[in-house]
Amino acid sequence: MPKKLTDFSLDLFSLKGKTAMITGANQGLGMAYAIAFAIAGADIFIPHFTDDVSEIKGTIEGLGRKVAFLQGDLTDGDYRKKVVEACVGVFGKIDILVNNAGTNFAAPMLDFPNEKWKQVLDLQLNAVYYLSREVAPVMVKNGGGKIINIASALSFAADINATAYTIAKHGVVGATRSFATELGGYNIQCNAIAPGFFESEMNEMIRRENPGLAQKVSDRIPGSGGRWGDVSALMGPALFLASAASDYVNGDVLVVDGGFKAAMA
């Protein structure tokens, strides 16, 4: 017997009582996800590499939610284990995992340094698998959860000087589908968000030093209004995938790019 349609409630989007682990959420796009989840009622655990956590700490605590941190390198297996242990130690569980932390290096394929290839793949793809593998048993024990991987516009295309990043982000889509297949029976939904071109610390130098390239990108985004996206546009999609509203969505990629992918066809 189907549920009554009038039973639909915006409470489906609430994260009250939930704990979310969001990697690299002390800056950039991850900060937007963390604030959205905190506004929706979640407590936040942030594994981070860079030092400064003051802004996100003050913001989340100002929203009346709890936040905890552990600094380290997600490519280190011991650190990944400590991250999970620390989050469970502080909050008792992990309901939501967002694999957001990332890095990049730009160079032509013929000149791409082997150490940079390994660095990008280790964080952008391998850490996604290994951290999810550490968190999944916690979610199984708790009766379910949500894993959100951060893909990219380059999960569906390629660009020059972006070999490692492009391959890693294609792999993130495959990992998302594999996780969904493996973990769906445990009431764990795994989906991805594929952001397009958003203004962030990672691309600030490119936008500043090569405004012609930045404008060329904007011109290819039908919904951009002549600009790159604002990170606030990612908060609603992330909240949807983290909440009960997406319980029947599994193994999919939610593209948030202002129409860039459509215009590429």
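Searching the whole structure, which is a predicted model, turns up three aromatic pairs. One of them joins Tyr 129 and Tyr 130: the ring centres sit 5.1 Å apart and the planes meet at 70°, so this pair counts as edge-to-face, the cut-off being over 60 degrees. Tyr 129 is partly exposed, at a relative accessible area of 41%. Tyr 130 comes out as partly exposed too, with a relative accessibility of 41%.

Another pair brings Tyr 129 together with Phe 179. Here the ring centres are 6.4 Å apart and the planes stand at 40°, so the pair is described as tilted. This pair ties together distant parts of the chain, since Tyr 129 belongs to helix H4, Phe 179 belongs to helix H5, and 50 residues separate them. Taken together, ring pairs make a cluster out of Tyr 129, Tyr 130 and Phe 179.

That leads on to the two helices themselves. Two packed helices are described by the angle between their axes and by how far apart those axes lie. For H4 (residues 114-142) and H5 (residues 163-183), the angle is about 15° and the axes are 8 Å apart. Angles under 35 degrees count as roughly parallel, and H4 and H5 are therefore roughly parallel to each other. The crossing in which H4 passes H5 is right-handed.

Which residues make the contact between H4 and H5? On the H4 side they are Trp 117, Val 120, Leu 121, Gln 124, Leu 125, Val 128, Tyr 129, Ser 132 and Ala 136. H5 brings in Thr 163, Ala 164, Tyr 165, Ile 167, Ala 168, Lys 169, Gly 171, Val 172, Phe 179 and Leu 183. Sorted by class, the contact of H4 with H5 holds 14 nonpolar residues, four polar ones and one charged one.

Elsewhere, helix H8 (residues 235-242) has its own set of buried residues, namely Pro 237, Ala 238, Leu 239, Leu 241 and Ala 242. What covers these buried residues of H8 includes helix H1 (28-39) along with several strands: E4 (96-99), E5 (145-150), E6 (188-195) and E7 (253-256).

Definitions and conventions:
Residues are numbered from 1 along each chain as its sequence is written. This is a predicted model: local features need pLDDT of at least 70, side-chain atom pairs count only at pLDDT 80 or more; totals for chains, interfaces and linings use all residues. Side-chain values use heavy atoms; hydrogens and water are left out. Axes are lines fitted to C-alpha atoms, for helices over the stretch in contact, and angles run from 0 to 180 degrees between N-to-C directions. Helices (H or I, at least four residues) and strands (E, at least two) are DSSP runs, numbered from the N terminus. Angles under 35 degrees count as roughly parallel, over 145 as roughly antiparallel, 65 to 115 as roughly perpendicular and the rest as oblique. A crossing is left-handed if the near helix is turned anticlockwise from the far one by less than a right angle, and right-handed if clockwise. Contact means heavy atoms within 4.5 Å. Ala, Val, Leu, Ile, Met, Phe, Trp, Tyr, Cys and Pro count as nonpolar, Asp, Glu, Lys and Arg as charged, and the others, Gly among them, as polar. Buried means under 20% relative accessible area, exposed over 50%, partly exposed in between (1.4 Å probe, protein chains only). Rings of Phe, Tyr and Trp (its six-membered ring) pair if their centres lie within 6.5 Å; planes under 30 degrees apart count as stacked, over 60 as edge-to-face and the rest as tilted.
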